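Visitor: I have some questions about the labels used for this model. Please set each value against its cut-off.

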Amino acid sequence: MAARNIYLDNNATTPCDPRVVETMVPYFFERHGNAASRNHPFGWVAEEAVDYAREQVAKLIHADPKEIIFTSGATESDNLALKGVYEMYRRKGNHIISLKTEHKAVIDTCHKLEKQGAEITMLDVKRDGLVDLAELEAAIQPNTIMISVMWANNETGVIQPMKEIGEICKKHGVLFFSDATQAVGKIPTNPRELGIHLMAFSAHKMYGPKGVGALYISRKNPRVKVTAQIDGGGHERGMRSGTLNVPGIVGFGKAAEIAMKDMEKDTERVSRLRDKLEKGLCQLEETYINGNTEHRMPHVSNISFKHVEGEGLMMTFNQDIALSSGSACTSASLEPSYVLIALGLGDDLAHSSLRFSLGRFTTEEEVDYAIEAISKGVTHMRDLSPIWEMYKEGVDLDKVEWAEH
Ligand SMILES: *Cc1c(COP(=O)(O)O)cnc(C)c1O
């Protein structure tokens, strides 16, 4: 097999669509104006381009362009939504409910707010990664101001029941924020219809450029307000100051337009490839798919290969296939993914998982190659493993007394 350079890590970031880059280029050169410059055509041209991109992005999520605040990405949007709502509404209450499987941009922001006096409830999820709706509703208190639930999980692709959560929020008069970074542009997302009041997303997860994102903020029924986290020239209706990233925003708009146009076609193709990959890899013994497979993004598969350490497995084809493992590198050691742990996986199964995230530019040939290379890798690793040998001999591994290490 010849060396390849296969990218199956689209949940980390997607490549820019060439059509996006083409649209951006003039805004670095002849149309380089500052969208806030009022006195000359350079400024007007830039402002017009931003207005158009705002319409494109709004259209993708069925929102009013005035409900779109451009930011530097989903991390900033998450921060603005959580901190901005907390500061604006803390007289009403200080309690925020979220999930243990949220992105770090939500979890760490919640913990920061906790230090400033917020009461935070981080709920467990069910074994399949879905929120328990009864538990969620029971967690609401008189001082609850917001529920924050991500639309689709970045590690497992599991899609939460947004409509039902929206109904619970409406019933209790609580704001509903969603980090929808992994969903927007890939599946239909209509926050107003589902009762979502604030929604974060990012261009570079949907074939747009890095460093630009958005926060949707409902303007009617209810009109939601957030306290700005970046002050300055009063850009973005005072909610996010700073010179607008005009080329980035133009690219984001184009990416949104393409996503809308190609969504059905992309989903059909990529889900077929994902299913093929999964079917191929699940030929291997003791291989498990993590998370609910019915309520799941079409391009994601998170698989545990029991008794095979994911990081080691990746070394067997390191240069060929770009993937994420279920282990996160902290300062000193490899920690198992907190998302997989929240699903109830043991450390071993979490460490033995790989996340496959396909994309618009993944080819069938690449999937075929990945199946072959990974199957070989798993078999090779297991052949070297004394634990696997014991397992094959029928030893009950739960009864073995392991040496301390
Ligand atoms: C990538 C990602 C983020 C962070 O987005 P940036 O634009 O890189 O800041 C936040 N939430 C989720 C679910 C993501 O997948």
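Guide: Start with the patch. V21, V25, F28 and F29 make a nonpolar surface patch of about 380 Å². One ground rule: this is a predicted model, where local features need pLDDT of at least 70, side-chain atom pairs count only at pLDDT 80 or more, and totals for chains, interfaces and linings use all residues. Residues are numbered from 1 along each chain as its sequence is written, and side-chain values use heavy atoms, with hydrogens and water left out.

Visitor: What makes a group of residues a patch?

Guide: Patch members have over 30% relative accessible area and no salt bridge; nonpolar side chains (Val, Leu, Ile, Met, Phe, Trp, Tyr) are joined within 5 Å, like charges within 9 Å. Accessible areas come from the Shrake-Rupley method with a 1.4 Å probe, and for residues only the protein chains shown count as cover.

Visitor: Why is V25 called partly exposed?

Guide: Buried means under 20% relative accessible area, exposed means over 50%, and partly exposed is in between (1.4 Å probe, protein chains only). V25 has 37% relative accessibility, so V25 counts as partly exposed. V25 sits in the loop between α1 (18–24) and α2 (41–60). Helices (H or I, at least four residues) and strands (E, at least two) are DSSP runs, numbered from the N terminus.

Visitor: Is T101 buried or exposed, and how do you know?

Guide: Its relative accessibility is 2%, so T101 counts as buried. T101 lies in the loop between β3 (95–99) and α4 (104–115). Leaving out residues up to four places away in sequence, T101 touches V125, M150, N153, Y338, V339, A342 and L343. Contact means heavy atoms within 4.5 Å.

Visitor: What makes R19 and D17 a salt bridge?

Guide: The rule asks for a side-chain nitrogen of Lys or Arg within 4 Å of a carboxyl oxygen of Asp or Glu. The side chains of R19 and D17 meet at 2.9 Å, N to O. The pair passes. By this rule the count comes to 22 salt bridges.

Visitor: Why does the E67 and R192 pair tie together parts apart in sequence?

Guide: E67 and R192 form a salt bridge, with the closest N and O atoms 2.9 Å apart. E67 lies in the loop between α2 and β2 (68–71) and R192 in helix α7 (residues 191–194), so the pair ties together parts that are 125 residues apart in sequence. E67 is buried because its relative accessible area is 3%. R192 is at 30%, so R192 counts as partly exposed.

Visitor: What makes K306 and E286 a salt bridge?

Guide: Their side chains meet at 3.9 Å, N to O. The limit is 4 Å. The pair links distant parts of the chain: K306 is in the loop between β10 and α9 (310–315), and E286 is in the loop between α8 and β9, 20 residues apart. K306 has a relative accessible area of 28%, so K306 is partly exposed. Elsewhere, salt bridges that share partners join D17, R19, K261, D262, K265, D266 and R360 into one network.

Visitor: How do you know which strands pair in the sheet β9-β10-β15-β12?

Guide: Two strands pair if DSSP finds at least two bridges between them. β9 and β10 (residues 300–305) have three bridges. β10 and β15 have five. β12 and β15 have two. The four strands form an open sheet, and the pairing is antiparallel.

Visitor: Which residues stand opposite each other?

Guide: S304 stands opposite S353 in β15. S325 stands opposite L354 in β15.

Visitor: Why is β15 called mostly covered?

Guide: Five of its five residues are buried. S353, R355 and S357 point one way from β15, while L354 and F356 point the other way. In a regular strand the side chains alternate between the two faces of the sheet.

Visitor: What makes β2 and β4 edge strands?

Guide: Seven strands form an open sheet in the order β2-β8-β7-β6-β5-β3-β4, with mixed pairing. β2 and β4 (119–123) each have a single partner strand, so one side of each is left without a neighbour in the sheet.
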